[in-house]
Amino acid sequence: MKKESVLVLKDFLLPGEVIIFQSGKVKTLNDHFVFYITDQRILLHRRRGVVLKKDRVISERIENIRTLDYDEKGVMKKKGVLHIETISKKMEPIEGRVPDIKAIWQELHKYIKREE
């Protein structure tokens with residue numbers, strides 16, 4: 001994990017919250033983010049600007065995630081696509097390199113509570 005990205009992200013972490021996973025770049029909402037999983041939430045973060053820095057953060061509590069669907073699209077240059085549904089909404093699809101999206105999907109499954 002880049003030291004700069006961790007320092008920036010600390011501004012958005014809750015007290016005691018710990019980052020447990022970081023992916024490469026992913027795309028959602030027509031923007032590129034780094035996908036993080038903490039012990040409490042998923043966070044998508046991006047920072048723009050050289051002098052005037054602007055952050056954009058998307059956050060969802062892990063306990064609110066109900067379904068995760070993984071898919072691949074494309075013929076020659078495949079992309080992984082992750083669909084996340086929470087208690088209250090369906091998030092926009094998250095796309096990226098197949099290994100990155102698969103890794104996110106696999107890691108999130110460790111923390112999702114199963115309803116029996």
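In which elements of the protein chain is confidence lowest and highest? Confidence is lowest in helix α1 (residues 3–10), at a mean of 61, and highest in β7, at 97.

This is a predicted model in which local features need pLDDT of at least 70, side-chain atom pairs count only at pLDDT 80 or more, and totals for chains, interfaces and linings use all residues. Residues are numbered from 1 along each chain as its sequence is written, and side-chain values use heavy atoms, with hydrogens and water left out.

**View 1. Confidence along the protein chain.** The mean pLDDT (the predictor's confidence in each residue, from 0 to 100) is 89, and 90% of the residues reach 70 or more. Where pLDDT is low, the predicted coordinates should not be read in detail.

**View 2. The open sheet of 7 strands.** Its order is β4-β3-β2-β1-β7-β6-β5, with antiparallel pairing. β4 (54–61) and β5 (65–73) are the edge strands, each pairing on one side only. From one strand to the next the twist averages 30 degrees. Helices (H or I, at least four residues) and strands (E, at least two) are DSSP runs, numbered from the N terminus; two strands pair if DSSP finds at least two bridges between them.

**View 3. Pairing of β1, β7, β6 and β5.** β1 (residues 19–28) and β7 (residues 94–96) pair in the antiparallel sense over 2 bridges, and Lys-27 has Glu-95 in β7 as its bridge partner. β6 and β7 run antiparallel and are joined by 3 bridges; Gly-80 stands opposite Gly-96 in β7. Between β5 and β6, also antiparallel, there are 8 bridges, and Leu-68 stands opposite Ile-84 in β6. The hairpin of β5 and β6 has 5 residues between the strands, and there Gly-74 takes a positive phi near 105 degrees.

**View 4. Helix α2 (residues 98–109) across the strands.** The helix lies across β1, β2 (31–38), β3 (41–48), β5, β6 (79–86) and β7, and runs at about 160 degrees to β5. Axes are lines fitted to C-alpha atoms, for helices over the stretch in contact (heavy atoms within 4.5 Å), and angles run from 0 to 180 degrees between N-to-C directions.

**View 5. The lining of the second largest pocket.** A pocket is an open set of points on a 1 Å grid over the protein atoms alone, where a 1.4 Å probe fits, with protein on both sides within 12 Å along at least five of seven lines; lining residues have an atom within 4 Å of a point. Among the lining residues are Lys-27, His-32, Glu-95 and Asp-100. β1 gives the largest share, 3 residues.
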